[in-house]
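Student: Could you take me through one part of this protein slowly? I would like a close look at a sheet and whatever surrounds it.

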Amino acid sequence: MLELIKKVPLFAQLNEHQLNALIEICTRRTYKSGTILFQEKELGSVFYMVLSGSVKIYTTSTSGEEKILTICKSTESFGELSLIDGKPRSASAQTLEECTLLTITGQSFLDLLRNHFDISLGIMQELSNRLRDTNQQVYDLTFVDARTRVIKSLIKMANSHGLRKGTTIVIKLVLNYDEISQLAGVQKSTLMQVIRDLEEKKILMISPSEFTLELTKLR
Ligand SMILES: Nc1ncnc2c1ncn2[C@@H]1O[C@@H]2COP(=O)(O)O[C@H]2[C@H]1O
């Protein structure tokens, strides 16, 4: 457990004694793929850190359509907003594959922020990254065409689940086509059109469990 928790950037400044104290207040649990951890508008009670696997963070419209806001992978964390501001969960969270997660209760999380400035700073940096990323998403949804948004989403997927092999990146598919269109913010029919075009141009090779992106042809 110590070795795993050391890799969480949020806790990079803690010494071994502090990390062991932290482990004492954490709960570790493995979740099956597809588990809904919490839903938007629920009261928040715990903070989550991903030790392995990945979790999608998404929001749902009144008509039931989803938009994926981000994918949290190993060593990343989520669920801090409602603990900090006392308001309901701002989005929902669901595991995309089998995941091992650490949780800390809301009270212990707030105590950590009070007692360790470096952890508070880490959370502020994380919130800054999210605001920048959200600004970029607003920009893309407002000004960028659907094809480019799909390609940007493939690059996001490559960053979270890709393995570079020469001039290609092999992306493990943890999202289905509905979810990729929710990540890109395009209709599924548009996604399928762009994917077919990329396949014809040999930019994208598709197998049931992975996408292979040819980087030299991507522009
Ligand atoms: N736009 C976003 N980008 C990344 N993560 C988000 C975004 N909105 C909400 N989250 C995360 O999703 C969590 C949902 O529960 P909380 O509101 O407690 O805390 C939230 C953040 O950790």
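Tutor: Happy to! Let's start with an open sheet of 4 strands, in the order 2-7-4-5, whose pairing is antiparallel. Before going further, note that this is a predicted model, in which local features need pLDDT of at least 70 and side-chain atom pairs count only at pLDDT 80 or more, while totals for chains, interfaces and linings use all residues. Residues are numbered from 1 along each chain as its sequence is written.

Helices (H or I, at least four residues) and strands (E, at least two) are DSSP runs, numbered from the N terminus. Two strands pair if DSSP finds at least two bridges between them.

Back to our sheet: its edge strands are strand 2 (36–38) and strand 5 (66–73), each pairing on one side only. From one strand to the next, the twist averages 30°; angles here run from 0 to 180 degrees between N-to-C directions, with axes fitted as lines to C-alpha atoms, for helices over the stretch in contact. Strand 2 is joined to strand 7 (residues 92–95) by 2 bridges, and the two run antiparallel. Look for Ile36, whose bridge partner in strand 7 is Gln94.

What packs on this sheet? Helix 7 (residues 177–184) does, touching strand 4 (54–60) and strand 5, and its direction makes about 95° with that of strand 5. Contact here means that the C-beta atoms of two residues, placed from the backbone, lie within 7 Å.

Now find Val55. Not counting residues up to four places away in sequence, Val55 touches several residues, including Leu37, Cys72, Phe78, Ala93 and Gln94. Val55 also belongs to the largest nonpolar core, which has 44 residues; Val55, Ile57 and Val150 touch the most other members. Such a core is a set of buried Ala, Val, Leu, Ile, Met, Phe, Trp, Tyr and Cys residues joined through C-beta atoms within 7 Å. A residue is buried if 20 or more other C-beta atoms lie within 10 Å of its own, exposed if 12 or fewer, and partly exposed in between. Domain 1 (2–142) and domain 2 (145–217) both give residues to this core, so it lies between them. The domain bounds come from an automatic or database domain assignment.

How do the two domains meet? Their centres, taken over C-alpha atoms, are 26 Å apart, and the contact takes 12 residues from domain 1 and 9 residues from domain 2. On the side of domain 1 that touches domain 2, strand 4, strand 5 and helix 5 each give two or more residues. Strand 5 supplies the largest share of that side, 5 residues.

Finally, return to the loop between strand 2 and strand 3 (46–52), where Lys41 has its place. Phi of Lys41 is near 80°, a positive value in a residue other than glycine. With 13 C-beta neighbours inside 10 Å, Lys41 counts as partly exposed.
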